[in-house]
Amino acid sequence: MIALLARDLRLAIRAGGGFGLALAFFLIVVTLTPFAVGPNTATLSLIAPGILWLGALLACLLSLDRIFALDWEDGALDLIATSPLPLEGAAAIKAAAHWLTTGLPLTLAAPVLGVLLNLPPPGFLWLALSLALGTPALSVIGTFGAALTVGVKRGGLLMSLIVLPLYVPTLIFGAEVARRGAEAQAIATPLAALAAISLACVALLPFAAAAALRVNLR
Amino acid sequence: MSLWEYANPTRFMRVTGAALPWLWALTALCLAVGLTWGFFFTPDDFRQGSTVKIIYLHVPSALMGINAWLMMLVTSLIWLIRRHHVSALAAKAAAPVGATFTLIALATGALWGQPMWGTWWEWDPRLTSFLVLFLFYLGYMALWAAIEDPDTAADLTSVLCLVGSVFAILSRYALVFWNQGLHQGASLSLDAEENVHDVFWYPLLVCIAGFVLLFVALVFLRTRTEIRARRIKALETRARMSAA
Amino acid sequence: MSSPAAASPPLHSATTSFDTTPEPLRLAGLAVARGGVPVLAGLEAEVVPGEALILRGPNGSGKTTLLRTLAGLQPPAAGTIAPGAEAMAYASHADGNKATLTVQENLGFWARLHGLADIAPALAAFDLAPLADRPAAALSAGQKRRLGLARMVLTRRPVWLFDEPTVSLDRDAVARFAAAVTEHLCRGGLAVIATHIDLGLPHARTLDVTPFRATAAPGDAAHAADAFADDDGSAYL
Amino acid sequence: MMPDLGKYALWVLSAYGVSIALLATITVLSILQSRRTRRALQAMEAGRKTGQGESARSATPGTVKEAANG
């Protein structure tokens, strides 16, 4: 298990690994928002949690099709499937690698970018916490989407169409925690719901992803 | 002869071939009676005025939009467990029909709400969950279209349907939490006492029957088309194999 | 039959033993399908340890599908395979090595994936040690094939499955490959290789898959897999 | 005969109009697709019946293309 994680992390960091792409995309989306919405800081701070969450979600979505496509093309996926490592483990590890290279950096960068959007002070902590809880779900749902569409040439768009509706619950609860945190309201329920969804996804979706991989490897 | 016998393509074709003409006739009858009865012969609601007539389209289509996805879920499970091709093809056939019903529910819901809520589209949780359901339908149909091998496509779409169903229900509750909601109370809940007044009730039942029959007829028709398409593909493969 | 092995450098002795004792490979009534359509049916074969089975047959006759079924990547349409997929080491056309990783990192990954830490003997066996820190992108076809062979050894699995291994290899690389497989057979391993050239392996038997093609004749068991291909089409019209 | 729809006439009528249009579309599309597939299958079955194999391959252009890149 760790061998696959170590290899994927090394690949991501190596030249052309695409480690910084999601972060750069996130930065661009956040900087574009005031151009679209106008520089009025009052409106910006109102929509800051939502925009930051949506930016992080789209950045996650962007880097999903790399999860299996590279190993599919150079035959590594076949060899990993014949190795003692079960496909469920491989799917979970791929999701963890995606989270470490995309979800975690986004979670750390979001508060910094919050300054750009004039995020109210109490919001910083809750934004980071909600993203920390939400991005694992985004990664593992994305891994499931990637496993479904790995056989499809240029399946990136198809995968987004499949994965985005699956992101709806996490986005709603995550953005709600960030917004309520920013406005210092009670956040117990959305926080619990967000954590519950993430835990359920991380626990169950690798099995669905592995089933999809087995079908595609046939 | 167990129920599973119907999954054999030839028997399915024979049975549905016989049933379809009757089904179309019954559907036309129910729809005609239900809609005309509801449209022409029911009084206006004291609060909503004549817009209440939209109930005869909104409630049945909303009901069928959800039931179509449930039917797809069941057929996907049947395909995964018992590997019956007809079941997978029925799921593939039902998706566009379910999507159309969901679209009708969305359109009629928006039009019905417009006078009451004063805006064309109100982010009401129940109406919005139909929008999300519609996105699920699009993803499901796109996945079917994207994969050439029919068996692989059937497997992958079945897995997507299972996972999608869980997330559709999750989205449903997330949306209720997300916006308290302006939707009128359940006009058709099982505890009878708070249901719509009788005079609206009977035409509504007929309309629902009409929509259910329409759904079944369309799914039968489209499944037969899918089976014929698979038959053509099989004959072509055979011709190629015996030629090569 | 002069063995070409003499010309190549000395090979590894008992580098890494097998993790399971090699048993004979038995195929009983095996049928394989590609995309739901049966390709081969009624396959009977037995390979004893120390022996190689060479698969012959035109392109698209099902050799690759058969190898993938043996490797456990897809379930057989009918029949049985003994031993199970955990005894099979599979090598397809694409060797699954990452271009941006060095030879050492690639081999290290495959070794740890199969529960082995030490890759030095495998590196030495295929004299890849001087190439250890060269990125896989900079390897020649012959060097890539040697890297693939080193991976096969690292899996410590008795049955090697090769799909057209000598494609784009020059004469010397082919000889080296044949020597490595011969060494594997001498240590009691087995091999199933889909190839068109004569590798000069000591105990090699050839299996032509063409007679086992699943013909389009309706009615036979493997054929029933495609539920829509029955002969009488009247019900469909 | 037309019921007095009052000031909401536009909403009610457009709701009925849109719904009936959508229902008609899905039904007509399904029927057309069904007919097209059925005709193709009949052509193929006829081809298969006349010459067992030889003419079947030439009867439907699909197979020739299929065989070419098969």
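Q: How many residue pairs are in polar contact between chain D and chain B?
A: This is a predicted model, in which local features need pLDDT of at least 70, side-chain atom pairs count only at pLDDT 80 or more, and totals for chains, interfaces and linings use all residues. Residues are numbered from 1 along each chain as its sequence is written, chains are lettered from A in the order in which they are written, and side-chain values use heavy atoms, without hydrogens and water. A polar contact is a pair of N or O atoms within 3.5 Å; within protein, one must be able to donate a hydrogen and the other to accept it, and residues adjacent in sequence count only if both atoms are side-chain atoms. Between chain D and chain B, with both residues at pLDDT 80 or more, the count is 3.

Q: Which residues of chain D and chain B meet in a salt bridge?
A: A salt bridge puts a side-chain nitrogen of Lys or Arg within 4 Å of a carboxyl oxygen of Asp or Glu. The count between chain D and chain B is 1. At 2.9 Å, N to O, the side chains that meet are those of D:Glu45 and B:Arg231.

Q: Is D:Thr37 buried or exposed?
A: Buried means under 20% relative accessible area, exposed over 50%, partly exposed in between (1.4 Å probe, protein chains only). The side chain of D:Thr37 reaches the backbone oxygen of D:Gln33 at 2.6 Å. With a relative accessible area of 12%, D:Thr37 is buried.

Q: How many salt bridges does the rule find across the interface of chain C and chain B?
A: Chain C and chain B have 1 residue pair in polar contact, both at pLDDT 80 or more. For salt bridges across this interface, the rule finds 0.
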